Each structure stands twice: as structure tokens, then as C-alpha cells.
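Morning, everyone. Please take a look at the structure on the screen. I'll talk about a helix pair, then about aromatic rings.

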Amino acid sequence: MSAQQKGITLLLVGGTGLVGRHVLEQALADSRVGAVVSPTRRDLPAHPKLSTPHVDYERLDQHAHWWQADAVICTLGTTIRTAGSQGMFRRVDHDYPLAVAILAIDHGTPTYVLNSAVGANARSRFFYNRVKGELEHDLSQLGFDSLTLVRPGVIGGERQELRIGERLMVAVLGTLGPLLPKRWRLNPAEKIAKALLEAALTAKHGVHIVRAEKMA
């Protein structure tokens, strides 16, 4: 059986989060995907195409064979409130995704797709946007053949963790959505996941940005 018939091998980090769960579900159902490796600290439901090595992002195994894949999709992320401090937020939203990227490219993985955020800008005066922008910049320096930065706005969907402010924003945008410009509308998690997965499966050379209005 040829490599194309087998399908690609996808490395998904952040597969237990809101967007990551949708990516995982879509990837496992997609005939173009032959295998999904989703490193995790929590168990995921068993599936014939799924491998779930347990990891500690503070001590990643640099020699694990599964760093070599056809593409990485990264949906790691938290909030400052959940992380407990700006320093811990930066660790989860910048340092961990960058560490994954370095190990992946060192093992020959050519494609990286990031779930970033609207407003990502390394020069932003807003801490959240600045961290997201710094990660995008640092990833662009690694030399991936294909790098896609997906920038959703407010994400719609049911999270496992409680984010009161975000839930209020989701409710407001859900009501006003048809009246708003596309770039301000709610981005459903399943649409973000689809954009991430398509970028990985149809990887194009260079750096590409998928903006929020494309996922409204």
C-alpha cells in the first residue's frame, strides 16, 4: 500500500481542549488521515487510528519517534486566570507550542498549523496578543516548509472549564452574529478545527494566515 493510500500521520497537541477535540474527531473520521498521535496528560477514547502517548510538557522526550509526522496541529492554550499568572500563561501558550515545533522540525516534520488568535501581534501592548504574536514570529523562524497561522476570534462551543467572561461574549455574539461584519462574528469550534485540519492536509509552501472572517 502506498504512503498516499495509507494517509498522512498527524501529530495533534492540545487534543483534549475545545478546538482540539473537534480536530481529533474530524481527523479520525477523515480518510486522508492514516494515523493521529495526540500526546496528552489525560486519557482519550480508544480508536484504531489514534495513539495517545502520555507527556509532561515540562520534560518532553526529545527522542520519541512520534515527533516525526507529516504535519503538526497545535491547539494548546489557556487563559491567564486558569494559568494563575502571566508567566504560566506564557509557558503554556508560547513555550510549549514552540518546544513542540522545535522537536517536530528536528525530526523532519515539514508542516505546522497553529491555532493562534485574532489580534496576534508581537508588538501589541496587550499581553495576550503579544504572546500570541511572539509565538507566531518564533515559529516563522524555524524553517517549516509549510506554516499556517489560524486566527479565530471568540470561539463558540462548550468548554470543559468555566470561562464566565467568554461565555457571556459567546452569548452576545451568537445573538448579534447576523448583524455583525464577518470578522467580528463568533467562530464555532468545529469551523476552526476544519480550517486547521485542511491546512495540515493540503499544506502549501510558505507562511499562510487564516483569518477569523473565514471561520464565521
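First, a definition: a helix axis here is a line fitted to C-alpha atoms over the stretch in contact, and the angle is taken between N-to-C directions. Keep in mind that this is a predicted model.

Now the helices. Helix α2 covers residues 18–29, and helix α7 covers residues 189–201. They pack at an angle of about 60°, and their axes are 8 Å apart. That makes α2 oblique to α7. Their crossing is right-handed.

Which residues of α2 and α7 make the contact? From α2 we have L18, V19, H22, V23, Q26 and A27. From α7 we have A189, E190, I192, A193, K194, L196 and L197. By class, that is nine nonpolar, two polar and two charged residues.

On to the rings. The count comes to five aromatic pairs. One of them is Y57 with Y96. This pair is stacked, at 5.4 Å centre to centre, with 20° between the planes. Y57 sits in the loop between β3 and β4, while Y96 is in helix α4, 39 residues apart. Are Y57 and Y96 buried or exposed? Both are buried.

Next, Y112 and F144. This pair is tilted: 5.3 Å centre to centre, 40° between the planes. Y112 lies in strand β5 and F144 in the loop between α5 and β6, so the pair ties together parts 32 residues apart in sequence. Y112 has 0% relative accessibility, so it counts as buried. F144, at 10%, is buried too.

Finally, a cluster: ring pairs link F89, F127 and Y128.

Key
Residues are numbered from 1 along each chain as its sequence is written. This is a predicted model: local features need pLDDT of at least 70, side-chain atom pairs count only at pLDDT 80 or more; totals for chains, interfaces and linings use all residues. Side-chain values use heavy atoms; hydrogens and water are left out. Axes are lines fitted to C-alpha atoms, for helices over the stretch in contact, and angles run from 0 to 180 degrees between N-to-C directions. Helices (H or I, at least four residues) and strands (E, at least two) are DSSP runs, numbered from the N terminus. Angles under 35 degrees count as roughly parallel, over 145 as roughly antiparallel, 65 to 115 as roughly perpendicular and the rest as oblique. A crossing is left-handed if the near helix is turned anticlockwise from the far one by less than a right angle, and right-handed if clockwise. Contact means heavy atoms within 4.5 Å. Ala, Val, Leu, Ile, Met, Phe, Trp, Tyr, Cys and Pro count as nonpolar, Asp, Glu, Lys and Arg as charged, and the others, Gly among them, as polar. Rings of Phe, Tyr and Trp (its six-membered ring) pair if their centres lie within 6.5 Å; planes under 30 degrees apart count as stacked, over 60 as edge-to-face and the rest as tilted. Buried means under 20% relative accessible area, exposed over 50%, partly exposed in between (1.4 Å probe, protein chains only).
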